[in-house]
Amino acid sequence: MTLRRRGLKHRGPDWSGLYQHGDCYLAHQRLAIVDPASGDQPLYNEDKKIVVTVNGEIYNHEELRRSLSNHKFYEEHGENFVDMLDGIFSFVLLDTRDNSFLVAVMPLGLLLCSVWISSELKGLHDECEHFESFPPGHLYSSKSGCLRRWYNPPWFSEAIPSTPYDPLVLRRAFENVRLWKLTLAGTKAAKHWGAQLHSFCVGLEGSPDLKAAREVADYLGTVHHEFHFTVQDGIDAIEDVIYHIETYDVTTIRASTPMFLMSRKIKSLGVKMVISGEGSDEIFGGYLYFHKAPNKEEFHRETCRKIKALHQYDCLRANKATSAWGLEARIPFLDKEFINVAMSIDPEWKMIKPEQKSIEKWILRRAFDDEKQPYLPKHILYRQKEQFSDGVGYSWIDGLKAHADLHNSARLSVPGGASVACSTATAVEWDAAWSKNLDPSGRAAIGVHNSAYEKHLVNGNLTSKIIDSIPLTNGVGTPGLAIRS
């Protein structure tokens with residue numbers, strides 16, 4: 001019954017916990033970030049009648065402690081206490097008084113639960129024949145026997161907002177994300193790593209992201225850790241990547257592979273938690289295909305569609321590619337209050353208007369464009385969007401395509417819907433030419449990306465020119481590690 005035997009030890013290698021009450025079992029693998037000496041799970045109330053296993057961290061715990069004198073959230077508020085929580089979490093609560101249980105997942109699904117309930121499918125495969133993903137922002141109560149959505153923000157209806165853009169309001173909303181106040185504070189890691197910020201980047205030699213990351217690290221004075229991999233390193237890792245991320249989605253695998261390799265190196269340095277930037281492109285329309293949005297209404301609806309699907313793509317990657325090595329990613333852009341502020345802005349301000357020199361994610365960039373105390377070098381702040389799987393080096397995707405051409409049966413086994421530059425299938429309709437150029441890479445945005453695919457027509461379709469100088473040797477390389485200080 002243990003999660004160790006079920007292949008989930010990687011998610012929490014620091015401790016294992018198991019609780020049984022009748023035919024109910026709660027099992028937990030702990031990744032100890034705060035207070036490693038205690039806090040093992042499951043957790044109990046005072047009389048041990050209510051038992052909880054939880055993954056994540058509650059950012060507003062101090063505020064909640066002050067508002068509840070006896071700290072009995074569940075006993076006082078029932079299942080409605082879930083909406084009081086601000087943080088990243090998924091949990092199972094068992095009330096042994098009546099053998100009822102409650103399951104809930106954070107709003108946008110960074111920590112996923114798939115009755116058997118598990119953070120990953122591999123924890124269920126021995127017993128189950130039918131699998132469903134536990135939807136984010138929902139809870140399941142054994143008393144009602146059904147799911148209900150507890151996360152109901154104003155933007156969820158996709159109604160078009162009208163709040164004028166104020167760069168200072170947007171900047172303060174991001175600066176007020178509770179995550180910043182909790183990161184490393186009071187932890188063993190803070191004493192080990194010190195006050196200086198560490199940064200991490202991965203890529204092929206000479207990749208766009210490596211170059212930009214070095215400039216940012218030098219500008220900010222971080223202790224920078226640069227990891228290199230080869231196309232062959234990535235190809236060799238794909239089988240393990242798919243095992244851990246549990247999807248065949250092409251875009252997710254492309255991006256998860258370098259993140260998987262980087263996470264292994266980061267964990268080897270003794271790091272257990274990192275901050276990552278998922279969510280900003282969905283909230284602000286940062287993908288290059290948003291250049292073709294026909295109007296502000298469709299622009300806004302597409303951002304809503306993208307945010308609602310994060311748990312299937314970017315959040316799935318950020319969760320499972322890191323937890324494969326016992327590393328935890330935290331995502332400040334997906335703070336509930338920050339999303340509410342950003343999604344209340346009139347989408348006319350988010351529209352990409354080259355004639356007015358407003359590029360993708362312009363309102364976010366402008367909010368941090370401080371002439372007196374610059375946050376970043378100007379050319380980095382206004383750098384064109386690079387999707388992660390492109391930014392690690394264009395040869396990575398080209399190499400995968402060349403590899404798939406040699407192993408066509410593998411390509412045929414991968415499902416996927418119509419997409420251009422990470423668009424939804426609905427947004428493909430924004431440009432008639434896109435139907436002949438269905439590729440999730442940002443370089444498929446012909447006429448927008450500065451290094452877009454060359455135009456080659458084959459049977460009337462637009463295809464990319466594959467780079468033919470990629471080392472596809474049989475040798476297994478080891479990603480190099482260079483630490484700059």
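# Talking through a predicted model

Tutor: Let's start with the hairpin of β1 and β2, where 2 residues sit between the strands and Gly-22 has a positive phi near 65°. Keep in mind that this is a predicted model.

Student: Okay, how many bridges join β1 to β2?

Tutor: β1 covers residues 15-21 and runs antiparallel to β2. The number of bridges joining the two strands is 7.

Student: Is Cys-24 buried or exposed?

Tutor: Cys-24 falls in β2, residues 24-30, a strand with 5 of its 7 residues buried, so the rest of the structure largely encloses it. Buried means under 20% relative accessible area. Cys-24 has 17%, so the word for it is buried.

Student: And how many disulfides does a search of the whole structure find?

Tutor: Cys-304 is another buried cysteine, at 0% relative accessibility. A disulfide would need a pair of cysteine sulfur atoms within 2.5 Å. The search of the whole structure comes back with 0.

Student: Which strands stand at the edges of the open sheet of 6 strands?

Tutor: Read the order, β3-β4-β5-β6-β7-β8, with antiparallel pairing. A strand at the edge has a single partner, so one of its sides lacks a neighbour in the sheet. That describes β3 (43-44) and β8 (146-149).

Student: What is the bridge partner of His-138 in β8?

Tutor: His-138 belongs to β7, residues 138-141. Strands β7 and β8 pair in the antiparallel sense over 4 bridges. The partner of His-138 in β8 is Arg-149.

Student: Moving to the helices, where in α8 does the kink lie?

Tutor: α8 spans residues 250-268, and its 19 residues reach 28 Å from first C-alpha to last, close to the expected 27 Å. There is still a kink of about 30°, shortly before the proline Pro-258. The kink lies at Ser-256.

Student: How many residues of α8 are buried, and which residue with a positive phi follows the helix?

Tutor: α8 is largely enclosed by the rest of the structure, because 15 of its 19 residues are buried. After α8 comes a residue with phi near 95°. So the count is 15, and the residue is Gly-270.

Student: Is Asp-86 buried or exposed?

Tutor: Asp-86 is in the loop between α2 (73-77) and β5 (87-95). Beyond residues up to four places away in sequence, Asp-86 touches Glu-57, Ile-58, Tyr-59, Asn-60, Arg-178, Asp-335 and Lys-336. With a relative accessible area of 6%, Asp-86 is buried.

Student: How many residues does the largest nonpolar core have?

Tutor: Those with the most contacts inside the core are Phe-91, Leu-170, Phe-338 and Trp-396. Past its neighbours within four places in sequence, Phe-338 is in contact with Leu-170, Ala-173, Phe-174, Val-177, Phe-284 and Phe-333. The core's count is 101 residues.

Student: Last one: how many Å apart in space are His-403 and Gln-232?

Tutor: His-403 is in helix α16, residues 394-406, and counts as partly exposed at 25% relative accessibility. In sequence, His-403 and Gln-232 are 171 residues apart. C-alpha to C-alpha, they are 9.7 Å apart.

Definitions and conventions
Residues are numbered from 1 along each chain as its sequence is written. This is a predicted model: local features need pLDDT of at least 70, side-chain atom pairs count only at pLDDT 80 or more; totals for chains, interfaces and linings use all residues. Side-chain values use heavy atoms; hydrogens and water are left out. Two strands pair if DSSP finds at least two bridges between them. Buried means under 20% relative accessible area, exposed over 50%, partly exposed in between (1.4 Å probe, protein chains only). The expected span of a helix is 1.5 Å times one less than its number of residues. The bend at a residue is the angle between axes fitted to the seven residues ending there and the seven starting there. Contact means heavy atoms within 4.5 Å. A nonpolar core is a set of buried Ala, Val, Leu, Ile, Met, Phe, Trp, Tyr and Cys residues joined through side-chain atoms within 4.5 Å.
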